[in-house]
Amino acid sequence: MAFVSSFRRIIAGSNNSLSSSPSSWARHCSTLSSPKLFVSGLSRLTTNEKLQDAFAPFGELVDARVITDRDTGRSKGFGFVTYATIQDAEKAKEGMNAKFLDGWVIFVDPAKPREPRRPLHQEQPQFSSSGSGFTTNKTIGWCK
């Protein structure tokens with residue numbers, strides 16, 4: 001209901017509406033819940049510095065990081081950009097989404113919280129011993 005009344009005030013052009021300042025409108029209708037952005041579609045040649053240079057004009061950057069493979073050190077094609085405020089992140093999302101960076105079209109979305117990983121050593125063993133020297137493989141059956 002509050003959205004409808006705000007919308008009516010905006011259309012009516014009321015002086016006390018949210019349309020009086022663009023930053024208050026972005027703050028009220030922001031789709032972002034944190035100042036961290038997920039950037040996908042990055043070129044393999046994009047570095048942390050290039051990412052930072054591309055996103056710096058939109059506000060105060062806290063961090064700009066391209067995610068790399070542990071083994072090869074090459075870019076995985078995505079990264080994260082963190083701003084000091086949600087308003088700066090909103091401006092960057094609007095300004096950089098579907099734009100070219102290093103010859104590739106990049107997409108900017110709100111970053112989702114990282115899901116917890118499953119522990120590696122909690123898997124069920126595939127083989128069980130019956131005590132008679134035979135083992136049971138649950139996928140194949142009996143074997144010696």
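Predicted model: local features only at pLDDT ≥ 70, side-chain atom pairs only at ≥ 80, totals over all residues.
**Stop 1: the salt bridges**

How many salt bridges are there to visit? The count comes to three. Side chains of opposite charge can pair when their charged atoms come close.

Select Lys 50 and Asp 102. Their closest N and O atoms are 3.9 Å apart. That pair counts as a salt bridge because the cut-off is within 4 Å. Lys 50 sits in helix α3, residues 48–55. Asp 102 sits in the loop between β4 (99–101) and β5 (104–110). The two residues are 52 positions apart, and the pair links distant parts of the chain. Lys 50 is partly exposed, at 37% relative accessibility. Asp 102 is partly exposed too, with a relative accessible area of 33%.

Move to Asp 63 and Arg 65. Here the side chains meet in a salt bridge at 3.6 Å, N to O. Are these residues buried, partly exposed or exposed? Asp 63 is partly exposed, at 27%. Arg 65 is partly exposed as well, at 45%.

Next, select helix α4, residues 86–96. Pick out Asp 88 and Lys 91 within the helix. Their side chains form a salt bridge, 3.6 Å from N to O. Why do the two stand about one helical turn apart? Because they are three residues apart in the helix. Check the surface again. Asp 88 has a relative accessible area of 13%, so this residue counts as buried, the limit being under 20%. Lys 91, at 45%, is partly exposed.

**Stop 2: the nonpolar patch**

Select Phe 100, Val 105 and Phe 107. Together they make a nonpolar surface patch of about 290 Å². Start with Val 105, which is found in strand β5. This valine has a relative accessible area of 31% and is partly exposed. Patch residues need over 30%, so Val 105, at 31%, qualifies on that count.

**Stop 3: the positive patch**

Which residues form the positive surface patch? Select Lys 36, Arg 70, Lys 76, Arg 114 and Arg 117. Then zoom in on Lys 36. This lysine lies in strand β1, residues 36–40. Lys 36 is partly exposed, with a relative accessible area of 36%.

Key:
Residues numbered from 1 in each chain as written. Heavy atoms only, no water. Helix = DSSP H or I, 4+ residues; strand = E, 2+ residues; numbered from the N terminus. Buried < 20%, exposed > 50% of the residue type's maximum accessible area, 1.4 Å probe, protein only. Patch = residues over 30% accessible without salt bridge, like charges linked within 9 Å, V, L, I, M, F, W, Y side chains within 5 Å. Areas by Shrake-Rupley, 256 points an atom, 1.4 Å probe, with all protein chains shown as cover. Lys, Arg positive; Asp, Glu negative; His and termini not counted. Charge placed at Lys NZ, Arg CZ, Asp CG, Glu CD.
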